[in-house]
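Reader: I would like to learn how to read a few features of a protein model. Please take them one at a time, with the general idea before the case.

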Amino acid sequence: MELDRTGLHSVLSIVVVLLMSSRAVAYDPLDPTGNITIKWDVMSWTIDGYVAVVTMNNFQMYRQIMSPGWSMGWTWAKKEVIWSMVGAQAAEQGDCSKFKGSIPHCCKRTPAVVDLLPGVPYNQQIANCCKGGVVAAYGQDPAAAVSAFQVSVGLAGTSNRTVKLPNNFTLLGPGLGYTCGPAKVVPSTTFLTPDKRRKTQALMTWNVTCTYSKFLASKHPTCCVSFSSFYNDTIIPCPSCACGCENKNCIRSDSKILSTPGINTPKKDNTPLLQCTHHMCPVRVHWHVKLNYKEYWRAKIAITNFNYRMNHTQWTLVVQHPNLDNVTEVFSFEYKPLVAYGSINDTGMFYGMKYYNDLLMEAGVYGNVQSEVLLRKDADAFTFKQGWAFPRKVYFNGDECMLPPPDVYPYLPNSSPVSARVILHNLAAPLLALLLLLMAPPW
């Protein structure tokens with residue numbers, strides 16, 4: 001049977017929805033290989049199970065896991081329990097009433113594990129644990145882009161053949177956005193002894209790969225961008241309701257509520273408390289074209305936090321701009337180019353200097369960070385016309401920010417629609433003076 005147009009349209013719609021709900025939404029063109037890999041290394045067998053070291057590696061170049069940190073979950077394949085943990089803990093113990101004597105750490109079939117806080121006793125720590133679930137972006141700090149814990153599993157298999165891999169892995173980082181694939185057995189991880197003279201290996205290893213999708217994390221953007229320039233008095237603000245205006249509570253910057261004790265304390269559900277703005281975004285990035293030299297030009301970047309309940313640890317800002325291949329100096333931020341496709345070098349990552357401005361405070365007097373960037377002009381490509389001096393894309397903490405529409409960018413005076421009128425006005429006076437001079441009598 002042939003499908004009519006209505007039927008064909010319905011089929012195509014379903015196909016499009018399926019494609020959008022698959023890996024396509026998790027693909028990031030600026031970080032095509034970015035993901036979080038969770039690795040389980042079985043280090044030893046026990047009477048009724050095994051001891052494993054679980055390591056989470058963040059291979060995303062500019063997306064980190066902020067406070068209150070990650071939460072990892074899975075479903076046991078059989079009736080496994082967690083006897084003990086080092087470096088992390090299960091959020092709930094569950095029903096362990098059937099056990100006599102030793103009580104397991106967690107008896108839930110779907111445990112949820114969280115990182116321990118800094119400062120716990122040393123006998124509860126292992127390497128790369130106990131950071132409150134905060135994991136840096138790989139491009140910002142590779143050494144801090146890892147988190148680990150040790151788990152002792154009981155009522156499980158005691159050999160490679162009898163162990164059943166957990167399934168249905170979930171990762172909150174700290175909110176929604178990550179989708180995890182199935183666990184897959186991989187070649188066992190190898191380890192070198194401290195003297196590097198002996199190599200050992202895990203008894204069994206499996207990996208889980210988790211990818212991020214902004215569509216799962218939030219239906220609205222979480223940041224916006226505004227523009228200004230030295231050659232135009234107009235300041236282009238963030239688009240109105242850029243981050244959605246429906247059902248959002250906000251308070252004015254001069255409200256007396258801000259003096260209430262505990263107003264900056266985060267909520268358990270992480271709901272924001274925003275300052276009232278026309279864009280209603282938690283974060284705004286402002287790009288200002290500041291100065292023009294003979295061989296260089298300078299831009300100023302300012303990031304403002306409008307959320308009274310959240311500060312951003314180890315924040316990142318990614319900018320796509322054609323002149324970032326000629327960055328000469330960045331004054332108050334750290335900078336790293338992101339070359340995702342061979343020789344195309346038009347994207348870079350800015351982030352705070354450690355112990356100086358790597359913490360973007362909550363909304364208020366100190367809720368902003370800023371820096372200036374000096375760029376060398378490319379004679380073959382440089383121009384201030386048609387909004388060229390402004391970025392093409394901006395990402396804050398891995399989420400794309402909403403930019404103003406291109407037709408409202410600050411243009412050069414001689415490229416604006418009224419430029420002809422301005423030129424005629426400027427020429428009118430000297431032409432009139434010359435005409436009067438020619439018509440004047442000779443005495």
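**Reading the features**

Author: The largest cavity has a volume of about 40 Å³. The model is predicted, so local features need pLDDT of at least 70 and side-chain atom pairs count only at pLDDT 80 or more, while totals for chains, interfaces and linings use all residues. Residues are numbered from 1 along each chain as its sequence is written, and side-chain values use heavy atoms, with hydrogens and water left out.

Reader: What is a cavity here, and what is its volume?

Author: Rolling a probe the size of a water molecule over the atoms shows where empty space is left. A cavity is a set of points, on a 1 Å grid over the protein atoms alone, where a 1.4 Å probe fits but cannot get out. Grid points are joined across faces, edges and corners, and the volume is the space filled by probe spheres set on the points. In this model, a search of the whole structure finds one cavity of 30 Å³ or more.

Reader: Which residues line the largest cavity?

Author: Lining residues have an atom within 4 Å of a point. Here they are P266, K267, N270, T271, P272, N307, R309 and M310. By class, three are nonpolar, three polar and two charged. In this scheme Ala, Val, Leu, Ile, Met, Phe, Trp, Tyr, Cys and Pro count as nonpolar, Asp, Glu, Lys and Arg as charged, and the others, Gly among them, as polar.

Reader: What is the phi of C241?

Author: C241 has a positive phi of about 55 degrees although it is not a glycine. C241 belongs to the loop between strand 15 (232–236) and strand 16 (250–251). Q314, also not a glycine, has a positive phi of about 50 degrees.

Reader: Is N397 buried or exposed, and which side chains does N397 contact?

Author: Buried means under 20% relative accessible area, exposed over 50%, and partly exposed in between (1.4 Å probe, protein chains only). N397 is buried, because its relative accessible area is 10%. A polar contact is a pair of N or O atoms within 3.5 Å; within protein, one must be able to donate a hydrogen and the other to accept it, and residues adjacent in sequence count only if both atoms are side-chain atoms. The side chain of N397 has such a contact with that of Q64 at 3.0 Å, and with that of H312 at 3.3 Å.

Conventions: Helices (H or I, at least four residues) and strands (E, at least two) are DSSP runs, numbered from the N terminus. On a 1 Å grid over the protein atoms alone, a cavity is a set of points where a 1.4 Å probe fits but cannot get out, and a pocket is an open set with protein on both sides within 12 Å along at least five of seven lines; lining residues have an atom within 4 Å of a point.
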